[in-house]
Amino acid sequence: LKGADVDTCRAVRNGLRTAMSSFDEWSKENLHKELERSFKTKELTQHFPSLISLMKISGDLGDIRLQNHLVEHIDERYPPHVRRPALQALAMLHYTGPQRARLAPKLLPLMLESDMASIAEPALDAIRQAQLGAEHQALLKKLLNSPSSRIREFGMQTLATQGSGRNISDLIECLDNPDRSVREEALGALSRAPSAATPLCTRLIEMEGGEPALETARALTPQATKVPHKLLESLADQYVTLATRNGRKKPADADELRKLDDKRRAIVSVFRASNTPELVEAVFSRARKLRQDDPHRAYEMMKNVVGLSGWNDDYRVELALAGISFGPRDLSRAARSSDQNLRVLDEMLASGRKSPKDMLKLVRKEFENDRKTLYYLGFHFVERLQNERDCGRLVLEHLSESRSDEGRQAREKLVIEGLTTIKGARAGILEERAKVMLAPSDMLQSARLKVEKKAPARAKPKPKAKAKAVPAKKKR
């Protein structure tokens, strides 16, 4: 390497790097001794191509005993094209985390220099795997203003890992930065810090909405299980307030409506990740009070929290009954078969999760003064099978006790279905309606059996007595 040109120095380095793949411990130790002697040779260290090759070979070897020779050449006395390979070689040394952290006082200030390609980013690569402590926080906070996105991200993630309240506050302030890349880096760092759950939730509660609310929720979602119970209750109460629009019928403008929707979606995403029932409980508690004045909005509120933690069969039934209360209640078979709310109730009864008597109690409590809806439910259930039919019978029997038009229709429906008889009426009309479902051959056979039942029984003719055989006369 003495006095060699750049190509020769590069060839020597590449040849040694290839040979190192088969080196044993003795060969590595021998190379280390030779490098130590070479760094003390002025003819090699004062010739920059030779010096750069020595530093790169030291990095390939990875022996941390060569650290002092490399650190010496990251000083400002040397030009950038010499400092850069020295930093790159330091990054390749086989340090442990605490050992690399000892280089922080010398490497962290280099990350603030204006020469990103030659100094700042190579210094970042040299310090990236270090286990930095609280004594480095002052320098790390300065990195948050670096023009390099990689350096900013490193500083944010390291501060978030340390987890102190002051560090988290500094990172949360970065969420208000007008530069979107800075906000994204801060969100990524906060999402990995469990201690950021409480300040992020507080920020989400206090902010108005819009895209910042969605970004905050995105950072909070990975740590949603760490949010305290009281903050979750406050977040659920705010969702209810937003869903009811503070009692106003319409928002001020379309922009405000968009912000409200964004914040509601942000809150829902947090509760979906937290697996806690506070939001579902708060929404249903408010929706029950709101159904008297605005049933449509109450139904939409309940529908928006379907599937969240705390969602159970009672809430499913309540949601279905709320949808039926203002629905068309069309008695035609096609309309009833497409009613999603009726399907939910059918599923509950058919699977046995709700007994007919339990369903009757819920229906009576919900529609005690709404006989039209009661008749609609009874009319639908009584045409079903098993549990659904029993529930329909109970609903119609309860409704038939009244003297209203619906009570009269309920009694007629019970007669039609063959579930009760009254004087002067013919029960069992359900059998006539069922003929539509029979094939022609089945209908003929059914009619023949009915005729045979009505015809008088004929006396069966007695079988003729068999003539006795006369024995032949014996010959004399």
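This is a predicted model: local features need pLDDT of at least 70, side-chain atom pairs count only at pLDDT 80 or more; totals for chains, interfaces and linings use all residues.
Buried here means under 20% relative accessible area, while exposed means over 50%.

Arg-13 and Asp-60 are both buried, and they form a salt bridge whose closest N and O atoms are 2.9 Å apart. Arg-13 belongs to helix H1 (residues 6-20) and Asp-60 to helix H4, so this pair ties together parts that are 47 residues apart in sequence. As for the background, side chains of opposite charge can pair when their charged atoms come close. Searching the whole structure turns up 39 salt bridges, and here are three of them.

| Salt bridge | Closest N to O distance |
|---|---|
| Arg-13 and Asp-60 | 2.9 Å |
| Arg-353 and Asp-313 | 3.3 Å |

Take the pair of Arg-353 and Asp-313, which meet in a salt bridge at 3.3 Å. It links distant parts of the chain, 40 residues apart: Arg-353 is in the loop between helix H22 (340-350) and helix H23 (356-366), and Asp-313 is in helix H20 (residues 313-325). Arg-353 has a relative accessible area of 37%, so it counts as partly exposed. Asp-313 is partly exposed too, because its relative accessibility is 23%.

Glu-383 sits in the loop between helix H24 (371-382) and helix H25 (387-400), and Arg-333 sits in helix H21 (residues 333-337), so the contact ties together parts 50 residues apart in sequence. Buried or exposed: which is Glu-383? At 18% relative accessibility, Glu-383 counts as buried. Arg-333, on the other hand, comes out at 54% and counts as exposed.

Some charged residues go beyond simple pairs. Arg-180, Arg-183, Glu-184, Glu-211, Glu-215 and Arg-218 are linked in a network of salt bridges.

**Nonpolar cores**

Now for the greasy parts. The largest nonpolar core has 102 residues. Leu-90, Leu-107, Met-111, Phe-154, Leu-190, Leu-204 and Leu-279 are the ones with the most contacts inside it. Which helix gives the most to this core? That would be H16 (residues 229-243), with eight residues.

Setting aside residues up to four places away in sequence, Leu-90 touches Gln-67, Leu-70, Val-71, Ile-74, Tyr-95, Arg-100, Leu-103, Leu-107 and Ala-126. There is also a second, separate core of 27 residues, including Met-359, Phe-367, Phe-379 and Leu-394.

Ser-50 has 0% relative accessibility, so it counts as buried. A polar atom of the Ser-50 side chain lies 2.5 Å from the backbone oxygen of Leu-1. What else does Ser-50 contact, leaving aside neighbours within four places in sequence? Besides Leu-1, Ser-50 is in contact with Lys-2, Gly-3, Ala-4, Cys-9 and Leu-44.

**The largest pocket**

Rolling a probe the size of a water molecule over the atoms shows where empty space is left. In this model the largest pocket has a volume of about 530 Å³. Its lining is made of 17 residues, and Arg-291, Glu-318, Leu-362, Lys-365 and Glu-366 lie nearest its centre. H20 and H23 are the elements that give two or more residues to that lining. H20 gives the most, with five residues.

**Loops and backbone angles**

Most residues other than glycine have a negative phi. Pro-328 has a relative accessible area of 72%, so it is exposed. The C-alpha atoms of Pro-328 and Asp-339 are separated by 9.6 Å, with the two residues 11 apart along the chain.

Gln-386 is another non-glycine residue with a positive phi, near 55°. Where is Gln-386 placed? Gln-386 is in the loop between H24 and H25, and at 65% relative accessibility Gln-386 counts as exposed.

How values were computed
Residues are numbered from 1 along each chain as its sequence is written. Side-chain values use heavy atoms; hydrogens and water are left out. A nonpolar core is a set of buried Ala, Val, Leu, Ile, Met, Phe, Trp, Tyr and Cys residues joined through side-chain atoms within 4.5 Å. Buried means under 20% relative accessible area, exposed over 50%, partly exposed in between (1.4 Å probe, protein chains only). Helices (H or I, at least four residues) and strands (E, at least two) are DSSP runs, numbered from the N terminus. Contact means heavy atoms within 4.5 Å. A polar contact is a pair of N or O atoms within 3.5 Å; within protein, one must be able to donate a hydrogen and the other to accept it, and residues adjacent in sequence count only if both atoms are side-chain atoms. A salt bridge is a side-chain nitrogen of Lys or Arg within 4 Å of a carboxyl oxygen of Asp or Glu. On a 1 Å grid over the protein atoms alone, a cavity is a set of points where a 1.4 Å probe fits but cannot get out, and a pocket is an open set with protein on both sides within 12 Å along at least five of seven lines; lining residues have an atom within 4 Å of a point. Grid points are joined across faces, edges and corners, and a volume is the space filled by probe spheres set on the points.
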